[in-house]
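Have the viewer open and follow along.

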Amino acid sequence: MKCRVCRGPAIIDVRRHNANFCAEHFLRLCRDQVAKAIRQFDMLAADDRVLVAVSGGKDSLAVWDLLTELGYAADGFYLGLGIGDYSQDSEGYARRYADGRGLRLHTVDLPETHGFDIPGGARAARRAPCSACGLSKRHLFDDAARRGGYDALATGHNLDDEAAVLMGNTLRWQTEYLGRQLPVLAARDGFPRKVKPLVRLSERETAAYCLLRGIDYIVEECPMAAGNKHLAYKAALNDIEVESPGAKHDFYFGFLDRASARFRAEVERDRDGLAPCERCGSPTDAGVCAFCRLAARAAGPEPVRLSDRRVR
Ligand code: Q46
Ligand code: ZN
Ligand code: ZN
């Protein structure tokens, strides 16, 4: 197995590109693919300040590393979700990466700052944990980027993630979600620009990237992920990819090229009528935003005043 670029011994095959690479040229391929995604979708300007949502896993640490390597001013943001040892361990990986490279990591702890953790919040609101988690992450990432004056919020979603989400959205024809499933969402109405610079790299490639760069990351899956459909879609796509290398890439990029615009109108219609949340000031169309409603439910029932007695 020889490297496509230098003909030296290769350490990885990338069947999607029908090529093998040595360590040096594989790392270059990763940087080139990220730079290409940034250019292709006009994600970032050279002097943008970027906030990277960091979980301690391979993808978010890889995207932080790659953006820094490409010369972007990128700080990290870690959100403690209160998911037992998993949260503590994952924060440790994020912290060690940042400290080892002299990078700035902001942290917010959900239980400390907002009084609930994901398992408890999900129970109280009768939502699936990943639904309460996704809502909290979206809200608090946006909030951190806005407060810090960052130009863009970057996440570590890779090609496998995006293809799996696309599969889920397509299976149920969730047209509103399809309209929003883009590698870059422009800033609007108080929401920061959101970018996914890893969309041209697969999960296997980000893992190899971390290994070669000496980036230590949390390998365990979140314990709440069990039974998550996203993982089932990923596994199904992996089976297809074995038979048909490049299928994930064609599925996702074919959608962006040929289908995504058809679903945009639905998203545009949704944009009207955002106003600041009555409790936290974040843009919302509901008076009190979904995150503040979740936090209120997690805190327990609101006291009801009956004459001079407060009853719960
Ligand atoms: S962290 Fe949160 Fe994931 Fe855990 S609770 Fe679900 S969404 S699985 S990326
Ligand atoms: Zn080489
Ligand atoms: Zn709010």
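**Entry: overall size.** The radius of gyration is taken over C-alpha atoms, and the globule rule I compare it with is 2.2 Å times the number of residues to the power 0.38. For 312 residues a compact globule would come out near 20 Å, and the protein has 21 Å, which agrees. I also looked up the extent of the C-alpha trace, which spans about 85 × 45 × 40 Å along its principal axes.

**Entry: ground rules.** I am working on a predicted model, where local features need pLDDT of at least 70, side-chain atom pairs count only at pLDDT 80 or more, and totals for chains, interfaces and linings use all residues. Residues are numbered from 1 along each chain as its sequence is written, chains are lettered from A and ligands numbered from 1 in the order in which they are written, and side-chain values use heavy atoms, with hydrogens and water left out.

**Entry: secondary structure and contacts.** I find 13 helices and twelve strands; these are DSSP runs numbered from the N terminus (helices H or I, at least four residues; strands E, at least two). A contact here means heavy atoms within 4.5 Å. Of the contacts in the protein with a separation of 6 or more, 67% are between residues 24 or more positions apart.

Entry: I looked up burial next, where buried means under 20% relative accessible area, exposed over 50% and partly exposed in between (1.4 Å probe, protein chains only). Of the 312 residues, 47% count as buried. The protein exposes about 15900 Å², with carbon and sulfur atoms supplying 49% of it; the areas come from the Shrake-Rupley method with a 1.4 Å probe, and for residues only the protein chains shown count as cover. The 46 positive and 43 negative charges have mean positions 2 Å apart. Lys and Arg count as positive and Asp and Glu as negative, while His and the chain ends are not counted; each charge is placed at NZ of Lys, CZ of Arg, CG of Asp or CD of Glu.

**Entry: cysteines.** How many disulfides does a search of the whole structure find? It finds zero, taking a disulfide as a pair of cysteine sulfur atoms within 2.5 Å.

**Entry: positive phi.** Most residues other than glycine have a negative phi. I noted Asp-42, with phi near 55°, in the loop between α1 (23-40) and β3 (49-53). Arg-126 has a phi of about 50° and sits in the loop between α5 (118-125) and α6 (129-147). Are they buried or exposed? Asp-42 has a relative accessible area of 64%, so it is exposed, and Arg-126 is exposed at 75%.

Entry: In helix α1 I looked at His-25, which is buried at 9% relative accessibility. Setting aside residues up to four places away in sequence, His-25 touches Cys-3, Val-5 and Cys-6. Gln-33 is also in α1 and is buried at 10%. Beyond four places in sequence, Gln-33 contacts His-17, Arg-200 and Leu-201. Gln-33 and Leu-201 are 168 residues apart in sequence, yet their C-alpha atoms are 7.0 Å apart.

My last stop was Glu-162 in helix α7 (residues 159-171). Glu-162 is buried, with 2% relative accessibility. Its contacts beyond four places in sequence are His-157, Gln-181, Lys-196, Val-199 and Tyr-252.
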